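Subject: The structure you asked about

Hi,

Here is the structure, with the sequence alongside.

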Amino acid sequence: MNWISINERMPNIGQKLLILIDVDENIEKGEYVGGGNFKANWCSRRGRSHCYKVTHWMLRPESPINNKER
């Protein structure tokens, strides 16, 4: 899998992703919600709409752990 720049194209709405943000090249998991917006843990939870800038994304790979092993 390769990183895709948001300047190249955006993911489909609802896709589960790995997202690269502009803070120390931090990689987070998240979801694309449309309109250039992503839902992830690094968004403010205090009523503010600020999120760090996403620079790149890629589809999240399947987890090697299945439900039976949890």
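Below is what I found in it, from the overall fold down to a few residues.

Before the details, two notes on the source. This is a predicted model, in which local features need pLDDT of at least 70 and side-chain atom pairs count only at pLDDT 80 or more, while totals for chains, interfaces and linings use all residues. Residues are numbered from 1 along each chain as its sequence is written, and side-chain values use heavy atoms, with hydrogens and water left out.

The strands make an open sheet, ordered E1-E5-E2-E3-E4, with antiparallel pairing. At its edges are E1 (4-5) and E4 (37-40), each of which pairs on one side only. Two strands count as paired if DSSP finds at least two bridges between them. As a reminder, strands of a sheet pair through backbone hydrogen bonds, either parallel or antiparallel.

Some totals: 27% of the 70 residues count as buried, where buried means under 20% relative accessible area, exposed means over 50% and partly exposed is in between (1.4 Å probe, protein chains only). The accessible surface comes to about 5500 Å², and 46% of that belongs to carbon and sulfur atoms. Those areas come from the Shrake-Rupley method with a 1.4 Å probe; for residues, only the protein chains shown count as cover. Of the contacts between residues at least 6 apart in sequence, 50% join residues at least 24 apart; a contact means heavy atoms within 4.5 Å.

E2 (16-21) and E3 (27-34) run antiparallel and are joined by five bridges, with Leu17 partnered by Gly30 in E3. Their hairpin has five residues between the strands, and Asp24 there takes a positive phi near 55°. E3 is also joined to E4 by four bridges, again antiparallel, and one of the bridge partners is Asn37 in E4, for Gly34. That hairpin has two residues between the strands, and Gly35 has a positive phi near 60°.

Glu31 is worth a click. It sits in E3 and has Lys39 of E4 as its bridge partner. Is Glu31 buried or exposed? Glu31 counts as buried because its relative accessible area is 18%. Its side chain makes a polar contact with the side chain of Lys16 at 2.9 Å (a pair of N or O atoms within 3.5 Å; within protein, one must be able to donate a hydrogen and the other to accept it, and residues adjacent in sequence count only if both atoms are side-chain atoms). Not counting residues up to four places away in sequence, Glu31 touches a list of residues including Leu17, Ile19 and Phe38.

Last, the E1 end. Ser5 lies in E1 and is buried, at 17% relative accessibility. Beyond its neighbours within four places in sequence, Ser5 is in contact with Thr55, His56 and Trp57. Trp57 also turns up with Arg9: leaving out residues up to four places away, Arg9 touches Ile4 and Trp57. Arg9 is in the loop between E1 and E2 and is partly exposed, at 44%. Arg9 and Trp57 are 48 residues apart in sequence, yet their C-alpha atoms are 9.6 Å apart in space.

Cheers
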